[in-house]
Amino acid sequence: MIRRTLYGIPIIFGATLILFFIFNIVPGDPAVQLAGKHATPEAVASIRHELGLDRPMYAQYFEFVKQTLTLDFGRSYSTKQDIMEMFWYGAGTSLSLILPPFLITVIVSLLFGALVAYYRATWIDKSIVALSVAGQSISMLAYVLAFQYFFAYKWNMFPVTGYDTSWVGRWQYLTLPGLIYIAVALSPFIRFYRTIILDEFYQDYVRTARAKGLTEKVVMLKHVMKNAMIPVITDLLVQLPFLILGSLILEKFFSIPGLGDITVRAITDLDRPVIMAVTVLGTIAFVVLNILSDILYALVDPRVKVS
Amino acid sequence: MKFLAKRIKGNSLWSDAMRRLLSDRLAVASLIIVFLFLVISLMTQFGIGIDDWKVVIGASREAPTFAKGWKFWLGTDIFGRSMLLKALHGSYTALFIGVMSSVISIPIGMVLGAIAGYFGGWIDEVITWLYTTVSNIPEILLLVAISFAIGSKGIVAVTIALGTTTWVSLARLIRGEVIKHKSRDYVTAAEAIGGSHFRRLFIHITPNVLHILMITFSLRFVTAIKSEVLLTYLGLGVRPGEASWGLMIDDAKSELVQGMWWGMAGATILMFLIVIAFSLLADAMRDAFDPKLRT
């Protein structure tokens, strides 16, 4: 278990190296962009010095690693705000956008996954799988546009876009994007859970349970579902960083000031430190949750050994 | 000898798989759809039967009609250009991004995975570390980072970004397969007759793992087409002025409110067809090459 944890270190180290490399082949000098159109060469040079861009590459890399370790990424180029403050604020907003619909999606897809696995190879199974495949083949953007057009614009059930930072006021703005998230996420989740549950059906213990004379319902609920919950729960942990990141598309479309929106703005403003911070923090969250999920797996399922 | 050669020929993995694939009606239909898209893209590029989409053919924002010829089937855009032509040209963009990003990612994934699996030891550890690291950077963030780094937006940037992020799953699969194959008798036999490492790996083992490549290609294609639309919407993808489904759906933001649904409908339907064809094809190929996995 300790070894599994230590294994995260070279991965995080590698990720900082790769990201640093990617961000340093950016054409264009951020100092020139910051100084504006009419800047003198001296002004550009002083900004470059201020940002530490005139130092050698390895020194800049160490600075990046130090920032990552101390979780202090300085200030944004464009908004001048403290990046970590922006990050935590955005993470809260993104979570309130995505967490409720995510939980609903998981519960609904588990029910459907169990249903189609129970009725496997019948018309119920086939039609739900066909619908999911079709649902997955439509662009997320098309869902967003269609939902917004009908629910907000035509039927006036929700505001078209906007956001309210108060805890009570935000929900009227978050419901429609939440519904869209559910509509988009249901298909892949149902197919994934169906595969997991079907995998269990072909295990020996299921045959034993049937041989004992248990009814198919008991086999399903007491044996199959219980075991299928292990991969389901561990997978949920791995999904979490994607939730914190929110959905770039939904946040941009509905102007919700979450992490996704911060990232998209940083791209348009060429705000390098913000993008670097978001990518490296997202990666660390992913690595840590992956490790936690492996450990959890081993704790719940004694057959698995963490090496 | 001639007689012997005929007897040995028998059923190969590939001929068996092809037979299974061709008896699957959905798979055949998907193959036909993919082929049609291929023909359409080539026709748009060589100007055979499908004209340039930038030509003004009618009034601005004309609704779809069957009365004025096939170019009006999907109406016109804000400049009075044929929406159907734009959507058909968009299929070239989609296929280009799908194919070219695979041309970048498949050799990387294939070679790294094969080398890691075959040689093992420290080479394996370094390559495994590399792809574990890349796979631990959430894909959308990596795409954002690379598109940001390439700077010049457009079709080429999207293609490079997708190509350099999507080799990981292929490398992992190929590595696993090569490890399975390298201790089999036929590889030992090749070693016994003096085959070099290179020969054993690329002439003997590689053909036996090629089907993974085809399945991965189909799945990557789906990811590439879907990502193109999303990246374009985020401002990191195809630039305005090019024919792309992503741009057409993005335009629909303002068009829908004016009651103009045909641009979005055309792009969504074409995209739906090619994505579903490739998804079904990938499933069918997996079943055809590995009947054990059939559920």
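Biologist: How far apart do the C-alpha centres of domain 1 and domain 2 of chain A lie?
Modeller: This is a predicted model. In it, 33 Å separates the C-alpha centres of domain 1 of chain A and domain 2 of chain A. The domain assignment puts domain 1 at 2–70 and domain 2 at 84–300.

Biologist: How many residues does each domain of chain A give to the contact?
Modeller: Domain 1 of chain A gives 13 residues, and domain 2 of chain A gives 12 residues.

Biologist: Which helices of chain A each supply at least two residues on the domain 1 side?
Modeller: α1 (2–6), α2 (8–23), α3 (30–35) and α5 (57–70) of chain A do. The largest share comes from α2(A), with seven residues. By class, this side of domain 1 of chain A has seven nonpolar, five polar and one charged.

Biologist: What share of chain B is buried?
Modeller: Of the 295 residues in chain B, 45% are buried. Sequence separation is another thing to read. Take the contacts in chain B between residues at least 6 apart in sequence: 65% of them join residues at least 24 apart.

Biologist: How do the axes of α4 and α7 of chain B cross?
Modeller: Start with the angle. The axes of α4 (residues 83–119) and α7 (residues 155–165) of chain B come within 8 Å and cross at roughly 40 degrees. Angles under 35 degrees would count as roughly parallel. α4(B) and α7(B) are therefore oblique to each other. Their crossing is right-handed.

Biologist: Which residues make the contact of α4(B) with α7(B)?
Modeller: From α4(B), they include Phe96(B), Ile97(B), Met100(B) and Ile104(B). From α7(B), they include Ile155(B), Val158(B), Ile160(B) and Leu162(B). By class, the contact of α4(B) with α7(B) has eight nonpolar, six polar and no charged residues.

Key: Residues numbered from 1 in each chain as written. Chains lettered and ligands numbered in written order. Predicted model: local features only at pLDDT ≥ 70, side-chain atom pairs only at ≥ 80, totals over all residues. Buried ≥ 20, exposed ≤ 12 C-beta atoms within 10 Å, placed from the backbone. Contact = placed C-beta atoms within 7 Å. Domains from an automatic or database assignment. Helix = DSSP H or I, 4+ residues; strand = E, 2+ residues; numbered from the N terminus. Nonpolar A, V, L, I, M, F, W, Y, C, P; charged D, E, K, R; others polar. Axes fitted to C-alpha atoms, helices over the stretch in contact; angles between N-to-C directions. Parallel < 35°, antiparallel > 145°, perpendicular 65-115°, else oblique. Left-handed = near helix turned anticlockwise from the far one by under 90°.
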